[in-house]
Amino acid sequence: QVQLVESGGGLVQAGGSLRLSCVASGIPVSINAMGWYRQAPGKQRDMVAIINNGGATNYAGSVKGRFTISRDNAKNTVYLQMNSLKPEDTAVYYCKQLGPNGLWGQGTQVTVSS
């Protein structure tokens with residue numbers, strides 16, 4: 001079954017850290033560009049971080065220096081390490097296989113309290 005399954009979300013205080021995981025099945029993360037997106041209530045879904053098949057990364061300006069995207073090819077997993085979290089980081093975070101027909105995960109909720 002081809003799917004992306006996120007985990008690692010939760011409730012954290014401002015200044016804290018979380019690490020999100022995205023386990024891919026049927027999609028080799030080593031040869032696919034992968035990304036993390038987020039959607040806050042009432043807002044559009046926005047790109048947070050992407051990693052291409054060469055390992056190059058790109059980040060939204062609001063998270064640059066605080067978040068790090070990485071992947072473990074052996075575990076076929078993409079990670080998002082989130083440090084110095086802020087209340088405005090509260091959102092549902094989604095993993096995505098990039099491309100016009102890329103697969104989305106189901107999302108994981110991240111809530112940052114002030």
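The entries follow in that order.

Basis. I worked from a predicted model, in which local features need pLDDT of at least 70, side-chain atom pairs count only at pLDDT 80 or more, and totals for chains, interfaces and linings use all residues. Residues are numbered from 1 along each chain as its sequence is written, and side-chain values use heavy atoms, with hydrogens and water left out.

Sheet. I took strands as DSSP runs of E, at least two residues, numbered from the N terminus, and called two strands paired if DSSP finds at least two bridges between them. I found six strands in an open sheet of mixed pairing, ordered β2-β10-β9-β4-β5-β6. β2 (10–13) and β6 (57–59) are at the edges with a single partner strand each, so one side of each has no neighbour in the sheet. β5 and β6 run antiparallel and are joined by three bridges; A49 has Y59 in β6 as its bridge partner.

Disulfide. I searched for cysteine sulfur atoms within 2.5 Å and got one disulfide. C22 is joined to C95, S to S 2.1 Å. C22 lies in strand β3 (residues 18–25) and C95 in strand β9 (residues 91–97), 73 residues apart. The S-S torsion is about -75 degrees, so the disulfide is left-handed. I noted both C22 and C95 as buried (under 20% relative accessible area, 1.4 Å probe, protein chains only).

Pocket. I used a 1 Å grid over the protein atoms alone, a pocket being an open set of points where a 1.4 Å probe fits, with protein on both sides within 12 Å along at least five of seven lines, and lining residues having an atom within 4 Å of a point. The largest pocket holds about 180 Å³, and its lining includes R38, Q39, D46 and M47.

Key: Points joined across faces, edges and corners; volume = space filled by probe spheres on them. Helix = DSSP H or I, 4+ residues; strand = E, 2+ residues; numbered from the N terminus. Buried < 20%, exposed > 50% of the residue type's maximum accessible area, 1.4 Å probe, protein only.
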